[in-house]
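User: I am new to this structure and would like a short tour of it. Could you take me through some of its strands and helices?

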Amino acid sequence: MNKQRINKVAVIGSGIMGSGIACHFANIGVEVLLLDIVPRELNDVEKANGFSLEDKVVRNRLVNDSLKTALKSKPSPIYHQKFASRITTGNLEDDIAKIKDVDWIIEVVVERLDIKKQVFENIEKHRTPGTLITSNTSGIPIKFMSEGRSEDFQKHFCGTHFFNPARYLKLFEVIPGPKTSDKVLDFLNGYGEQFLGKTSVIAKDTPAFIGNRIGIFGIQSLFHQVKELGLTVEEVDKLTGPVIGRPKSATFRTVDVVGLDTLVHVANGIYNNCPDDEAHELFKLPDFIDTMMKNNWLGSKTGQGFYKKVKGDKGKSEILSLDLDTLKYRSKNKASFPTLELTKTIDKVIDRFKVLISGKDKAGEFYRKNFAAMFEYVSNRIPEITDELYKIDDAMKAGFGWEHGPFQIWDAIGVQKGIEIMKAEGKKPAVWVNDMLALGSSSFYTIKDGATFAYNIPAKSQVKIPGQDAFIILDNIRKSNEVFKNSGVVIEDLGDGILNCEFQSKMNTIGGDVLAGLNKAVDLAEKDFEGLVIGNQGANFSVGANIGMIFMMAVEQEYDELNMAIKYFQDTMMRMRYSSIPTVAAPYGMTLGGGCELSLHADKVVAAAETYIGLVEFGVGVIPGGGGSKEMALRAQDTFRKGDVELNILQEYFLTIGMAKVATSAYEAFDYGILQQGKDVVVVNKDRQIATAKAHAKLLADAGYTQPVKRKDVKVLGKQALGMFLVGTDSMEAANYISEHDHKIANKLAYVMAGGDLSEPTRVSEQYLLDLEREAFLSLCTERKTLERIQHMLKTGKPLRN
C-alpha cells in the first residue's frame with residue numbers, strides 16, 4: 001500500500017487565513033503554491049509606472065501584497081523569515097494548471113457558497129485524481145460544496161477548519177462530506193496532529209462545527225448575562241480570564257481582537273441554521289451589539305469596540321471601556337470580587353472551580369449561572385455535533401485557549417454538584433448524564449495506567465481516548481511514577497531507564513528547591529537509570545531564576561550567601577553537562593534567563609517550535625550568572641574558523657545578551673547560537689515533546705554515552721576584545737542609546753566575555769569564566785539601580801530602563 005505523503009500543497013485564497021495557512025505549511029517544510037484572483041483594475045502606483053493589466057507584477061499583486069502583509073504581521077505567522085522562500089505565489093488564471101503537481105489543495109476563499117462552488121469547478125479541471133481537496137470554511141455545510149463534483153473529487157473532499165492565527169491556535173477540525181472516504185479522514189486527522197502540530201478533531205457537518213458552536217454559545221450567553229447581573233465589561237473580563245484558565249484577553253478583549261463582525265457572522269449562522277437548538281433565542285443579538293454593529297465599533301480593526309484607546313491631554317494613552325447601559329466610553333474601573341481573592345493561594349486552575357461556584361458575591365452567582373448554562377448546552381450537543389465528549393473539550397482548549405474544557409470543569413466541580421447548580425438555575429443535563437451516574441460512573445474522565453479514559457455514551461463505559469500512545473502526559477503519571485518530590489520538582493520514571501525532572505514552582509522559576517531537585521535527579525539517574533529529561537507541561541518551561549530570592553539577599557547585603565547561591569546555580573548547570581548520563585532539556589513557551597541557561601548546558605535540546613528563549617538578565621540590571629555569559633563566550637570561540645574576524649563573531653554573541661534578544665521560535669534560536677545545528681531538534685507538536693525527549697535520551701544512552709571531560713581550551717581574546725567592547729559601550733551611552741547603568745552592565749559583560757584584561761588571546765577553563773561571571777553578577781547586585789530594576793520587575797513583570 002502506498003503511504004500518503006504531503007510534499008507540496010496549493011492554497012487557494014491569500015487573505016489573512018489563506019496566507020496564514022500557507023505560512024504554517026512552509027513552517028513544517030512543505031512547498032506551497034499560493035494563488036489568488038487577478039486584479040480587475042490598476043492601482044495608482046501601477047498607473048504611474050506605466051504597467052498594464054497584462055503585466056505579471058499586476059496580475060500577482062493581490063497575492064503578493066497579502067503574503068507580504070502576513071509576513072510583516074505581529075505575531076509572525078512564520079517560524080523563520082527564510083521559510084517564506086518555500087512559498088511560490090501566482091494567480092488563478094495563469095497558474096491554476098500547476099495544481100496538478102500538488103498533493104493537497106486547500107480552498108480559503110470568501111465565505112460564499114456560490115463563489116466556493118465556482119472555485120471547485122475550476123479546480124476539478126486541473127486537479128490530478130487522488131489529490132486531497134479541502135475547504136477551510138468556518139460554517140458552510142460541506143455537503144453543499146461538493147454537490148455536482150466527480151466521484152473521485154467527493155471521495156477526497158472534506159472540510160479542514162484551521163483557527164486564526166493558523167500558526168498559534170492548535171485546533172484543526174476535520175469535517176467529512178457525504179462521500180469522504182474513511183482513509184482520507186484518518187490521514188488528515190493524523191497529519192494534523194503529527195505534522196501540523198495540531199489537536200485534530202473530526203467533527204460532524206453541523207453549523208459552526210464544534211469549536212465555534214460551543215465558543216459562540218459561551219460568548220452569547222455572557223452577552224445576555226452581563227445585563228441580567230449588572231456586570232461591567234471589565235468585571236466580565238476579570239471573571240473570564242486567567243483565574244479560570246482562559247487567555248488574558250478573556251471575553252470582550254478577545255471579541256475586539258477577533259472582530260465583532262466575525263462573531264456576529266457566526267452567531268447569525270447558528271441562529272438561522274439551528275432552529276431546533278434549545279438555546280436558539282440566545283443566539284439572537286442583544287440590542288447593544290446591534291448598536292455597536294451600526295456604529296462600526298468592531299474592535300481593533302476599527303479603533304474601538306468594547307475598549308477604545310485614546311490619548312489624554314498630556315499625550316499619555318488611556319484605554320477606555322464601553323458602558324453597556326449608556327453605550328458611552330468611560331475610564332476603566334478596577335474589577336475586584338471577594339470570591340476571586342479566595343483563589344489567590346490556589347495555584348492550579350482546576351482546583352479553583354469548587355471555590356468559585358461557592359462564592360456568596362456577584363462573582364459566585366456569575367459562575368453558577370455561567371457553568372449551569374454551559375453544562376446543559378454541551379451535554380445536549382452530543383450526539384448532534386460529535387459522539388465523543390472529549391472532542392468538545394479538545395476543541396475548546398485548542399481553539400479558544402481554555403486550559404480546561406467544559407466537561408473537565410464539570411468533573412472538577414463534581415458531576416452531581418454540577419447538576420444541583422443547574423437545577424437551581426432552571427437548567428438540566430442531557431438524559432445520558434443521569435444514565436451515566438445511574439450506571440455507577442461518577443465522572444466523565446478517569447486515569448488508568450498513565451492513559452486518559454472518557455465516558456463513551458453508546459458503550460455506556462469509560463473508553464481509552466485514541467491517539468495517546470505517541471504522548472507522555474505528566475499529569476497522568478505523576479502520582480504513580482513518582483521517584484522523588486520536594487517543593488520545587490517532581491522526578492518521575494518515564495520508563496526504559498529514563499527519568500524526568502518536572503518543575504513545580506510558581507511560573508517554573510528556578511530557586512533553591514528546583515536546583516536541589518535537579519541535582520537529586522542526576523544523582524538518581526547516575527545510580528539506577530540511564531538518562532534524564534528536564535521537562536514539564538505547564539504554561540511555560542521556565543521564566544528564569546527566582547529574582548525575589550536574589551533581591552532579598554542583595555537588600556539584606558548577604559553577599560556571601562548570594563555568592564554561594566549563584567555558585568550553586570552555576571555548579572548545577574555544569575552538572576547538567578558533566579554527568580555520567582545524558583541530559584535532555586525540553587523547553588517550550590517562555591524559556592528565559594535561568595531556563596535558557598539550563599537548556600544551554602543540557603547534552604541535547606528537544607525544543608517545541610513555539611519556544612521563546614533568551615538571556616534577558618539585562619532587563620533586571622545584571623548579566624546572566626548561571627553559566628549563560630560563560631557559555632556564550634565558549635560558543636563564540638567554538639565557531640571561530642581560520643580566516644574569520646574573531647572579534648566580529650564574539651560581538652554577535654555579546655549583543656545577543658546585551659540586547660536581551662528573545663527568539664520568537666525555536667528555529668530563530670539557532671540564529672542566536674542558543675540552539676545548535678546538528679545537535680538540537682525541534683518538535684512542532686508540543687504534546688509529543690516529552691516522549692520525543694525521552695527517545696533522544698535513550699538513543700544517547702544506547703549509543704554508549706560517556707561523561708564529557710571538562711573543558712580547559714576556551715579561547716578568549718583578552719584586551720583586544722575588551723577594548724573594542726568598551727569603545728562601543730562608551731559610544732552607545734554618549735549617543736543616548738543606553739543609560740549609564742546599561743553602560744555599566746555592558747562593561748561587566750564585556751569583561752567576562754573577553755576573558756578579563758589578559759594581554760593576549762589565551763586558552764582558559766570554563767571555571768575561569770564562571771568565576772569572572774559570578775564576580776560580575778555579584779558586583780552588579782550591590783548597585784542601587786539594579787535593585788530598583790529587580791523591584792520593578794517583581795511588582796510589574798516588566799523591565800525598567802533607569
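User: Let us begin with S2. Which way do strand S2 and S3 run, and how many bridges join them?

Analyst: Strand S2 (residues 31-36) and S3 run parallel and are joined by 5 bridges. Strands (E, at least two residues) and helices (H or I, at least four) are DSSP runs numbered from the N terminus, and two strands pair if DSSP finds at least two bridges between them. This is a predicted model, in which local features need pLDDT of at least 70, side-chain atom pairs count only at pLDDT 80 or more, and totals for chains, interfaces and linings use all residues. Residues are numbered from 1 along each chain as its sequence is written, and side-chain values use heavy atoms, with hydrogens and water left out.

User: What is the bridge partner of Leu33 in S3?

Analyst: The partner of Leu33 is Thr88.

User: And what is the order of the strands in the open sheet?

Analyst: The open sheet has 8 strands in the order S3-S2-S1-S4-S5-S6-S7-S8, with mixed pairing. Strand S3 (87-91) and strand S8 (199-202) each have a single partner strand, so one side of each is left without a neighbour in the sheet.

User: Which strands does helix H1 touch?

Analyst: Helix H1 (residues 16-27) packs on the sheet and touches strand S1 (8-12), S2, S3, strand S4 (104-107) and strand S6 (157-162). Contact here means heavy atoms within 4.5 Å. The direction of H1 makes about 165° with that of S2; axes are lines fitted to C-alpha atoms, for helices over the stretch in contact, and angles run from 0 to 180 degrees between N-to-C directions.

User: Changing topic, how do the axes of H27 and H31 cross?

Analyst: The axes of helix H27 (residues 646-658) and helix H31 (residues 740-754) come within 11 Å and cross at roughly 140°. H27 and H31 are therefore oblique to each other; angles under 35 degrees count as roughly parallel, over 145 as roughly antiparallel, 65 to 115 as roughly perpendicular and the rest as oblique.

User: Which residues meet there?

Analyst: Leu650, Tyr653, Phe654, Ile657 and Gly658 in H27 meet Ala746, Leu749, Ala750 and Met753 in H31.

User: Last one: is strand S16 mostly covered or uncovered?

Analyst: Strand S16 (residues 489-495) is mostly covered, as 5 of its 7 residues are buried (under 20% relative accessible area, with exposed over 50% and partly exposed in between, for a 1.4 Å probe and protein chains only). S16 pairs in the antiparallel sense with strand S17 (residues 498-503) over 6 bridges, and Asp493 stands opposite Leu499 in S17.
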